Amino acid sequence: MKIREIAELLHAEVLSGKEMLDTEVQNAFCCDMMSDVLAFATNQSVLITGLLNPQVVRTAMMLDMHCIVFIQGKEPTPEIVSLAEANDIVVMVTQESMFCSAGRLYDTGLLDAGEE
Amino acid sequence: MAALNFHFDIDGEDFSSAGEASVEMKKKLRQLGFPSDVIRRCSIAMYEGEINMVIHANGGSADVAVYPDKIVIVLEDHGPGIPNVELAMQEGYSTATEQIHNMGFGAGMGLPNMKRYTESLEIETQVGVGTKLTMVVAV
């Protein structure tokens with residue numbers, strides 16, 4: 001599905017990477033531990049997290065991820081947003097919980113990025 | 001064939017900048033045209049090492065030697081050293097503080113991840129002196 005559709009589905013506010021919204025993604029990974037993301041997530045997935053620091057963006061960059069969804073209305077700092085913008089990563093904020101965000105995306109057929 | 005060498009100083013004072021060296025290395029490997037899988041493995045291994053150096057050792061240095069058939073990453077710090085390497089290699093074992101956990105690291109996956117994504121990981125460490133990691137990723 002397109003990143004734009006994820007934003008619509010989660011009623012999310014897009015804060016960076018608006019020109020990347022038509023990028024197609026196939027899978028997603030939910031986690032607050034970046035070490036686990038590095039260990040278990042596959043390339044180019046969507047990262048759904050409640051953690052707010054620049055390492056979230058750098059972790060996404062290491063895995064060539066195109067999109068980060070911050071849950072529960074957690075607003076990333078301008079530093080996080082500009083780091084994402086500079087690296088063509090879409091950052092969005094949803095008011096939904098991690099459980100509901102993941103559930104809605106799973107329902108659309110998006111795959112688990114933890115499965116090789 | 002002579003290697004292309006890149007040197008990075010890793011600032012241990014500021015956690016928010018941790019990972020910048022790995023990002024730079026990743027860009028250089030991409031410019032050099034390496035396959036994405038090789039770049040991904042190098043990036044993750046070096047990023048984990050960089051985070052470890054910032055968390056545990058107040059920074060250090062990274063030297064990356066790029067050959068046509070392999071990439072050698074050497075990470076060196078003058079931190080506290082690793083008292084028990086066997087224990088540190090176990091998934092889930094961590095000495096990181098609560099503060100580090102709150103930053104999303106310290107799950108005890110750093111060294112295991114470095115091993116997982118590289119062909120070889122050599123650890124030279126001495127308590128009170130420092131640690132030197134040598135990782136090789138085959139192209």
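Accessible areas in this briefing come from the Shrake-Rupley method with a 1.4 Å probe, and for residues only the protein chains shown count as cover. By that definition, chain B exposes about 6600 Å², of which carbon and sulfur atoms supply 49%. The model is a predicted one, and chain A and chain B in it bury about 2000 Å² between them. The points below take each chain in turn, then the contact between them, and then some individual elements and residues.

**Chain A: fold and surface**

- Chain A contains 5 helices and 6 strands, and when the elements are read along the sequence they follow the pattern α-β-β-α-β-α-β-α-β-α-β.
- A compact globule of 116 residues would have a radius of gyration near 13 Å, and the 12 Å of chain A agrees with that expectation; the C-alpha atoms fill a box of roughly 30 × 30 × 25 Å, taken along the principal axes.
- Of the 116 residues in chain A, 56% are buried, and the accessible surface of this chain comes to about 4900 Å², with 52% of that belonging to carbon and sulfur atoms.
- Among the contacts in chain A with a separation of 6 or more, 52% are accounted for by residues 24 or more positions apart.

**Chain B: fold and surface**

- Chain B has 5 helices and 5 strands, which run β-α-α-β-β-α-α-α-β-β from the N terminus on.
- For 139 residues, a compact globule would have a radius of gyration near 14 Å, and chain B, with 14 Å, agrees with this; along its principal axes the C-alpha trace of chain B spans about 40 × 30 × 25 Å.
- Buried residues make up 50% of the 139 residues in chain B, while residues 24 or more positions apart provide 63% of the contacts in this chain that have a separation of 6 or more.
- In chain B the mean position of the 10 positive charges and that of the 19 negative charges are 10 Å apart.

**The contact between the chains**

- The size of an interface is often given as the accessible area lost when the parts come together.
- For chain A and chain B this buried area is about 2000 Å², and 54% of it lies on carbon and sulfur atoms.
- On the chain A side, Leu38(A), Gln55(A) and Met62(A) lose the most area to chain B, and together they account for 32% of what that side buries.
- The contact draws 23 residues from chain A and 28 residues from chain B.
- Asn113(B) lies in helix H5 (residues 110-116) of chain B and is buried, because its relative accessible area of 0% is under the 20% cut-off.
- Leaving aside neighbours within four places in sequence, Asn113(B) is in contact with Ser35(A), Leu38(A) and Ala39(A) of chain A, and also with Glu48(B) of chain B.

- The C-alpha atoms of Asn53(A) and Glu79(A) are separated by 8.7 Å, with the two residues 26 residues apart along the chain.

**Backbone angles in two loops**

- Asp64(A), in the loop between helix H3 (54-62) and strand S4 (67-70) of chain A, has a phi near 55°, a positive value in a residue other than glycine.
- Asp64(A) is buried, with a relative accessible area of 17%.
- Asn58(B), in the loop between helix H2 (36-56) and strand S2 (59-66) of chain B, likewise has a positive phi, near 55°, in a residue other than glycine.

Terms used. Residues are numbered from 1 along each chain as its sequence is written. Chains are lettered from A and ligands numbered from 1 in the order in which they are written. This is a predicted model: local features need pLDDT of at least 70, side-chain atom pairs count only at pLDDT 80 or more; totals for chains, interfaces and linings use all residues. Side-chain values use heavy atoms; hydrogens and water are left out. Helices (H or I, at least four residues) and strands (E, at least two) are DSSP runs, numbered from the N terminus. The radius of gyration is taken over C-alpha atoms; the globule rule is 2.2 Å times the number of residues to the power 0.38. Buried means under 20% relative accessible area, exposed over 50%, partly exposed in between (1.4 Å probe, protein chains only). Contact means heavy atoms within 4.5 Å. Buried area is the accessible area (1.4 Å probe) that two parts lose on being put together, summed over both. Lys and Arg count as positive and Asp and Glu as negative; His and the chain ends are not counted. The place of a charge is taken as NZ of Lys, CZ of Arg, CG of Asp or CD of Glu.
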